Structures are given as C-alpha cells and as structure tokens.
Amino acid sequence: MASCGAPDPQYLALAGPTASGKTAAALALARELPVEVVNVDSALVYRGMDIGTAKPSPSERAAVPHHLIDIRDPRESYSAAEFAADARQCVAQIRARGALPLLVGGTMLYFKALFEGLAAMPAADAGTRSRIEADARERGWPALHAELARVDPATAARLAPLDAQRIQRALEVWQLSGRPISDWHAQPAPGTGLAPLLLVSLEPTDRAWLHHRIEARFDDMLRAGLLDEVRRLRARGDLSPQLPSIRCVGYRQAWEWLDAQDAGQPLPLGVLRERGIAATRQLAKRQLTWLRGMPQRRVVACDAPDATTQVLELLRQQARRLELA
C-alpha cells in the first residue's frame, strides 16, 4: 500500500499496553457503530502467528472488518514508515465508505510514525548489523545494552538488556549517523503526520492488575498451543531468531525453549512460562513509557470496573463529530 494523498481524513485511536482490554473495547464499539479496525500491532502483521499474538479470532474478524493483519510472511520485515503509509490509505478508504476508522494497538512507534511522521533515519545496513551481531555473540546483549546507554541513554532506559532487535537497531543508527536514534525519533518529518480526532489510552492504576492479566493470558496461550505454533514455524526451515517476527515476545522465548530441548538440555515448562511472562511485563512497561510521552491522550483506567463504558462514551462523543452516531 502507499499513501493516497487524501486531505487529512479523520479517525479515532485506542492504545494501551498488552492485555489492557483494547480488543474488547474496540469490538464493543463496533456493535454500536460502523467501525472498521486498523491494526497497530507489529506482531499481528505476520501470517501464521496467531496464538502468541492474541490475534483477533476468525469470528471477530468476520463480525468487524480488520485491516493490516496477516499482511507479511514471518521472514519479511515491516517498518514504522510502511505502517504509516498503509494506515493513511486505510483511513482514507474507510472514511470514503462512510465508516469509522478505529486504530487499535500497542506498537507505540507505529502510532508516533502516523501522528507525527518520521525523519528519514539511516536505512538498515547488512554489514553494520553483522558486526553488531558478532559483537553480541562474543559479549552478550547486556554488554551492548550498556554500550547503548553510554551513547543514547534515553533509548537504553526504555529497552530491556536482552531486547536484541531494538538494541541492534539503535546501535546501527548511531554507528551509521553519529546521532542517537532518540534524536531521530524526536524530530518528526514536518507536514507528514496525521493526528487522530482522539487518542484514548487504557492504562492501569494498579500495575499488579495488569501483571495478573499478563500471566493469565500467557497461560491461555500455552494451553491453546503456542509451542505447537512455534514448532510449525521452526519446521519451515527459513526462519531464525534474528528475524523481527521471531523476536516478538513469547515467540523468542518459546523458540529458545525448543532449542534447549533439541540440544538435549530440556528445561521445565515453568521456565518458559516464567521467561515469557517476564518479557511480556517488560513490553508493557515500555509501552507505558511511550504513552506517557503522548500528552494529548485521554487516559482511562483499564482496571476500573467500568473501563469499557468509559472508553465507549469518549469514542461515541467523537464519532458524533463524524456524523456516525
């Protein structure tokens, strides 16, 4: 897809950390209004990755049109810039049909790319990436995270020491440009952004509530067959843990657990559970950090008993401005 160049079509956005209830709120609104959902989750773009991404079910997608889901093979990449162009086109097409575009997800860089535009930072460079990966194999990703903290403390502060994909990209940009990636992110491309009428953010007042939801959801994924799903991906033979798709939370931990089994060093399932939950909590922490940098958002406490009702009322008010309610 490419940007259609339409003059600022209008849409609503619903953000929040993983397991905060975004999908349920979006589906509730769709029962009242002619909503079409545009996915803002970097893991949902991959085909064949359904359980570990908590992808909307076939029945949910049949009931409500969803866009930007299953648009990439797991061996392919998908950038924030590509998302912004695709989302602009989706919004324009949905509005042309007289429906309400509702952007829903938790990949905050995607939201930022759409809202503000992205400066044209250096493209990926295979040689630089190979050198960084070789360094990581020798010293470990925590050492490279410490190196990143020296040159780009703002980015290092929001990344986990084992977040290989993002550490690698941040160091790559630094080495290619001499500028921290946080500087690039802080300098949007003028005139290329498309802000929503309203950004609603589901955020917990009690972090323990979210942690409990994360644990319950990861347990559900294990029962639903997450390991079998990852086994199928491994059996393809053309995927590796270095790909963005396999670095997704849950998949990376399951892949490593299966590696240990194959190497004759089996680990208890509880180790996978512990690592998967810890990685998901770290993801939620990063998402909340990003959200605090979006002062325009309207916050709804996702752990409030009437959270969905509050979200619906806020979105309804804006939908009336688009003559949809």
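Helices (H or I, at least four residues) and strands (E, at least two) are DSSP runs, numbered from the N terminus. The structure is a predicted model, in which local features need pLDDT of at least 70 and side-chain atom pairs count only at pLDDT 80 or more, while totals for chains, interfaces and linings use all residues. Residues are numbered from 1 along each chain as its sequence is written, and side-chain values use heavy atoms, with hydrogens and water left out.

Asp70 is placed in the loop between β3 (66-67) and α3 (80-96). Asp70 has a positive phi of about 60°, although it is not a glycine. Most residues other than glycine have a negative phi. The relative accessible area of Asp70 is 22%, so this residue is partly exposed (buried means under 20% relative accessible area, exposed over 50%, and partly exposed in between, with a 1.4 Å probe and protein chains only). A positive phi, of about 55°, is also found at Ala54, which is not a glycine. Ala54 belongs to the loop between β2 (35-40) and α2 (58-63), and is partly exposed at 32% relative accessible area.

Glu229 is part of helix α11 (residues 226-236). Glu229 is buried and has no salt bridge (a side-chain nitrogen of Lys or Arg within 4 Å of a carboxyl oxygen of Asp or Glu). The nearest side chain of opposite charge, that of Arg232, is 4.7 Å away; here Lys and Arg count as positive and Asp and Glu as negative, while His and the chain ends are not counted. The side chain of Glu229 does reach the backbone nitrogen of Ile51, at 2.9 Å. Leaving aside neighbours within four places in sequence, the residues in contact with Glu229 (heavy atoms within 4.5 Å) are Gly48, Met49, Asp50, Ile51, Gly52 and Tyr251.

Helix α11 packs against helix α12 (residues 251-262) at an angle of about 75°, with the axes 10 Å apart. The two helices are therefore roughly perpendicular (65 to 115 degrees; under 35 counts as roughly parallel, over 145 as roughly antiparallel and the rest as oblique). Axes are lines fitted to C-alpha atoms, for helices over the stretch in contact, and angles run from 0 to 180 degrees between N-to-C directions. Residues of α11 that meet α12 include Glu229, Val230 and Leu233, and those on the α12 side include Tyr251, Ala254 and Trp255.

Gly193 lies in the loop between α9 (181-186) and β5 (198-203). Gly193 is partly exposed, with a relative accessible area of 27%.

Terms used: A polar contact is a pair of N or O atoms within 3.5 Å; within protein, one must be able to donate a hydrogen and the other to accept it, and residues adjacent in sequence count only if both atoms are side-chain atoms.
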